[in-house]
Amino acid sequence: MLKPTYSIPPLPPPVELETVAVLKALAKANRALAELKGRAAVIPNQGILIDTLALQEAKASSEIENIVTTQDELFQAELFPEGPDSPAAKEVALYRDALKLGFDRLHRTHGVIANNTLIAMYRLLKGRDDGFRTTPGTALKHDRTGDTVYVPPQDANEIVAHMTALERFINDDEACTLDPLIKMTLIHHQFESIHPFSDGNGRIGRILNVLYLTRAGLLDIPSLYLSRHITRTKDDYYRLLQAVRDEGAWEAWVLYMLEAVAVTAQTTLALIEGIRSQMADVKHRMRDKLPKLYSQDLLNNMFRHPYTRIEFVVADLGVTRQTAAKYLDTLAEHGFVDKHHAGRANYYINAPLVRLFLDVSGGR
């Protein structure tokens, strides 16, 4: 059996976490999160943000694991789930579904993030029916050299014990007086160090981040586009994760994660503001040019589904296929959407919204 290379500590670790540098970074991150939470609330239909931001988060988080897809592949997979599409796009869609499953369970359990929720998300993400690791032999290796970097706990009972303690730490608001953002950085490091699943730990761990921020009341919905920053600083992310294990470098890790929160909160704020602005503009122009066609439900459909089709409009508006087709063709004729063909089917793209996603994500 492989021997673990790091003794996982009880949380919080017995070190000074609220240093001057951390408190300064904490204030910046909390301000950015508060602004994001406030601005997200002005979008009239929160389901639009949950769907669109969850998919963008899924794309960025999957890229960290070298699962790369384009925006077009991603939306095509949403549009025609029964048809041929890229395996990467399918994996990204599963991540989105796992995130939404976690958020739904968070509401149904009145804010409890339980291990059975993490297991349910893992099973959905990976299409498996197992749970925490039971077989020894897991070791994390360097992407380029292949050298073993870290050996997580190997014994099944030890993994369960660590995850039970982590579950208690996540949900006990009285035992730890640390700011929730600092607590999130500790939770994330502990989860990744326990490495409880045979695969998908990085993605489940990043979902856990945003679920915890929602649980702590720092967000109303899982709207923080956190993985984008980690994707762009992947080497630093893994280096600092390991530096805690090797050197006890908690301050550097906490500072990195707080910076990730501040930066991605600003990025997500720009995305939300772009969506809000586009919705207001389209609403004004539709009322002006197509007053008989305009409805809030149709507007919501255009922004909830950047690539939409007749079936989506039928489901969202409760109209017939003939009426839905007429709505979409009229929108295309007046330049609100672009009409495309896939075999015998038509689909319609909200091109300005897709461009906004591309601008924010930096391409692809």
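Student: In which order do the three strands of the open sheet stand, and what is their pairing?
Tutor: The order is β3-β5-β4, and the pairing is antiparallel. The edge strands are β3 (307-308) and β4, since each of them pairs on one side only. The model is predicted, so that local features need pLDDT of at least 70 and side-chain atom pairs count only at pLDDT 80 or more, while totals for chains, interfaces and linings use all residues. Residues are numbered from 1 along each chain as its sequence is written, and side-chain values use heavy atoms, with hydrogens and water left out.

Student: What makes β4 and β5 a pair?
Tutor: Two strands pair if DSSP finds at least two bridges between them. Five bridges join β4 (residues 338-342) to β5 (residues 345-349), and the two strands run antiparallel; by the definition they are therefore paired. Strands here are DSSP runs of E with at least two residues, helices are runs of H or I with at least four, and both are numbered from the N terminus.

Student: Which residues of β5 stand opposite aspartate 338 and histidine 341?
Tutor: Isoleucine 349 stands opposite aspartate 338, and asparagine 346 is the bridge partner of histidine 341. Isoleucine 349 is also the bridge partner of tyrosine 307.

Student: What lies between β4 and β5 in their hairpin?
Tutor: Two residues lie between them, and glycine 343 in the turn has a positive phi of about 65 degrees.

Student: Why is α2 called oblique to α3?
Tutor: The axes, which are lines fitted to C-alpha atoms over the stretch in contact, form an angle from 0 to 180 degrees between N-to-C directions. For α2 and α3 the axes come within 12 Å and cross at roughly 125 degrees. That value makes α2 oblique to α3, because angles under 35 degrees count as roughly parallel, over 145 as roughly antiparallel, 65 to 115 as roughly perpendicular and the rest as oblique.

Student: Why are α5 and α8 placed in that class?
Tutor: Helix α5 (residues 115-126) and α8 pack at about 135 degrees, with their axes 10 Å apart; the two helices are therefore oblique to each other.

Student: What is the handedness of the crossing of α5 and α8?
Tutor: The crossing is right-handed, as is the one in which α2 passes α3. A crossing is left-handed if the near helix is turned anticlockwise from the far one by less than a right angle, and right-handed if clockwise.

Student: What is the volume of the largest pocket, and what is a pocket?
Tutor: Its volume is about 820 Å³, the space filled by probe spheres set on grid points joined across faces, edges and corners. On a 1 Å grid over the protein atoms alone, a pocket is an open set of points where a 1.4 Å probe fits, with protein on both sides within 12 Å along at least five of seven lines; lining residues have an atom within 4 Å of a point. The largest pocket is lined by 31 residues, and those nearest its centre are Leu140, Lys141, His142, Asp143 and Tyr238. Of the elements, α10 gives the most to this lining, with 11 residues.
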